Amino acid sequence: MSIALPAADVVASQASGRSEIFVHELYAALQQPSNLLLLDVRNDDEFQMWRIETRHTPETLHLPYFFFLEEEEKAIAQVQERAANGRPIVVVCAKGGASDYVAERLREAGLSAINLAGGMVEWGDFYDVRPVTEQPDYRIYQVDRVARGCVSWVFISRGEAAIVDPLRYGERYLKLLEEQGAQLKFLLDTHAHADHISSGPDLAELTGAAYYLHPYDAIHPFDMLPARMKYAMLHDGQRFTLGALQIEVIHTPGHTLGQVNFLVTAPDGEAFCCTGDNLFIESFGRPDLGGQGERWAPVVYDTIFGVMKRRVPNHAWILPGHYASPAEANADGLYMKRLEELWRDNRSLHFTEKERFVEFVLSHLPYMPPQYVEIKRVNIGLSNPSLDEADELELGKNICALSG
Amino acid sequence: MTIDVATIQVHQELDVRGLNCPMPLVKARQAILKLDVGQVLKVISTDRGSVKDFQGWAKAANNVALLAQSEEAAPDGKTLYLHYVQRTK
């Protein structure tokens, strides 16, 4: 579990003469309400695209750093207005360079400003790891890439591990598994992702574990080209044994044609269903990222109201692949809910007629980021970006759910 | 940007290779103040972020115009980001 660092400690960091804090410290400080002022000094378009959001997003002031170069006094005065009486200010930019410069100017002007080391790049790379449950026979961890709203799930039982929807930085999982003394056995992608780069194929090569994907998703929906990476094929009804856990593959097409759920059954009777981009806590996965929204929207209906109702027990915990807002987490910061609660609370599921449902879906499709086509190429081995290019592809928050 | 960089008359070059944000802009700002109004500074940077930064700066500052930006491969294979900035006031 993340250790909460009260906002007061951020202030204390400054008092002890530190000029920067790290993303994990800021994240911890923002797990409860605070009086921090976030000063974001990036360009307008970068700020519009994504910013620091947590369960308790503090007041945020946006003032691009070149104002501090061009009109330093005016810019500092604008910050001063909001940050009198020693109110702590955390300054953030893209990589931590310009914000360091601005924080120093603010400190010279007598304000309590501290730089966020590494800026939004580090924030974007921050993974929050927390336990879902730790039983004698099995343990489950949520690995949440906070800035992107991407969630992955690690199952461990009797020394064996499976990762569902492993996110880009595979080494974070290896570290967790090492701490847990578990050996990686299965790498399971619920589908070929369009919003983020999977570390599944790389981790498979690195560890010798098998990487699994449904073959329908091993064809690029726009290029119509087959995957050029090693993978084992998933199919409906397939079963895996992971220590004391049973994993069943349920084909749940709609978001993609090869989207599957992994239904994990524990010996104590609990069930956990990794839904990827099928069901979310709020909303569900959009059907148009393959360019076939009108054809695939009815398939989403059949999956949710047919397959899910039939095959996933009502008491199963739904473990989704995304969230749109940190408000979707429970009090423990976990993005999980029992299916029966989801039927009740997720208002996008309150449909009884397929036609109405399809209408609703097609009228609530958000903008599709153009890089989603390329990310899918990367995920099936058709493209191999440099580190910088990969960073740019993954910039900002996921847009995999319906809007509003 | 529609201007062909080959037609731009450059009065001074500023080499900020290896420097990261905010230094390319800080140095460009100092350099441009040493030019006469109308003269052009060519900035050579290895910082990819400088592309957007120079655009933002040109909008925010009241004494410069960004005439053009281009990319070029350096002998070592790195990409160079070139910015042509004119002092206007």
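**A hairpin, then the rest**

A: The hairpin made by strand 3 and strand 4 of chain B leaves 5 residues between its strands, and Gly77(B) there takes a positive phi near 90°. Before going on, keep in mind that this is a predicted model: local features need pLDDT of at least 70, side-chain atom pairs count only at pLDDT 80 or more, and totals for chains, interfaces and linings use all residues. Residues are numbered from 1 along each chain as its sequence is written, while chains are lettered from A and ligands numbered from 1 in the order in which they are written.

Strand 3 (residues 64–73) and strand 4 (residues 79–87) of chain B run antiparallel, joined by 9 bridges. Helices (H or I, at least four residues) and strands (E, at least two) are DSSP runs, numbered from the N terminus, and two strands pair if DSSP finds at least two bridges between them. Across this pairing, Glu72(B) stands opposite Leu80(B) in strand 4 of chain B.

Chain B has another backbone feature to check on screen. The peptide bond joining Cys21(B) and Pro22(B) is cis, with omega about 10°. Look for Pro22(B) in the loop between strand 1 (12–16) and helix 1 of chain B.

Now for where chain B touches chain A. Each chain puts residues into this contact: 13 from chain B and 13 from chain A. (Residues are in contact if their C-beta atoms, placed from the backbone, lie within 7 Å.) On the chain B side, helix 1 (23–32) and helix 2 (50–60) are the elements that give two or more residues. Helix 2 of chain B gives the most to that side, with 4 residues. By type, the chain B side splits into 7 nonpolar, 3 polar and 3 charged residues. (Ala, Val, Leu, Ile, Met, Phe, Trp, Tyr, Cys and Pro count as nonpolar, Asp, Glu, Lys and Arg as charged, and the others, Gly among them, as polar.)

Over in chain A, there is an open sheet of 7 strands in the order 6-7-8-9-10-11-12, with mixed pairing. Its edge strands are strand 6 (127–134) and strand 12 (232–233) of chain A, and each pairs on one side only. Within this sheet, strand 7 (residues 139–145) and strand 8 (residues 150–157) of chain A pair in the antiparallel sense over 7 bridges. Gln142(A) has Trp153(A) in strand 8 of chain A as its bridge partner.

Helix 8 (residues 170–180) of chain A lies across strands 6, 7, 8, 9 (160–164) and 10 (183–188) of chain A, at about 155° to strand 7. Helix 9 (residues 200–207) of chain A packs on the sheet too, touching strand 10 and strand 11 (210–213) of chain A and making about 150° with the direction of strand 10. (Axes are lines fitted to C-alpha atoms, for helices over the stretch in contact, and angles run from 0 to 180 degrees between N-to-C directions.)

Strand 10, helix 9 and strand 11 of chain A make a right-handed β-α-β unit. (Right-handed means that, with the strands pointing away from the viewer, the path from the first strand over the helix to the second runs clockwise.) Strand 10 and strand 11 of chain A run parallel, joined by 3 bridges, and Leu188(A) stands opposite Tyr212(A) in strand 11 of chain A. Strand 11 and strand 12 of chain A also pair in the parallel sense, over 2 bridges; here Tyr212(A) stands opposite Ala232(A) in strand 12 of chain A.

Another open sheet in chain A has 6 strands in the order 13-14-15-16-17-18, again with mixed pairing. Strand 13 (239–242) and strand 18 (337–338) of chain A are its edges, each pairing on one side only. Strand 16 (residues 271–276) and strand 17 (residues 317–320) of chain A run parallel, with 4 bridges, and Cys274(A) has Leu319(A) in strand 17 of chain A as its bridge partner.

You'll find Asn85(A) in the loop between helix 5 (72–82) and strand 4 (89–92) of chain A.

Key: Two residues are in contact if their C-beta atoms, placed from the backbone, lie within 7 Å.
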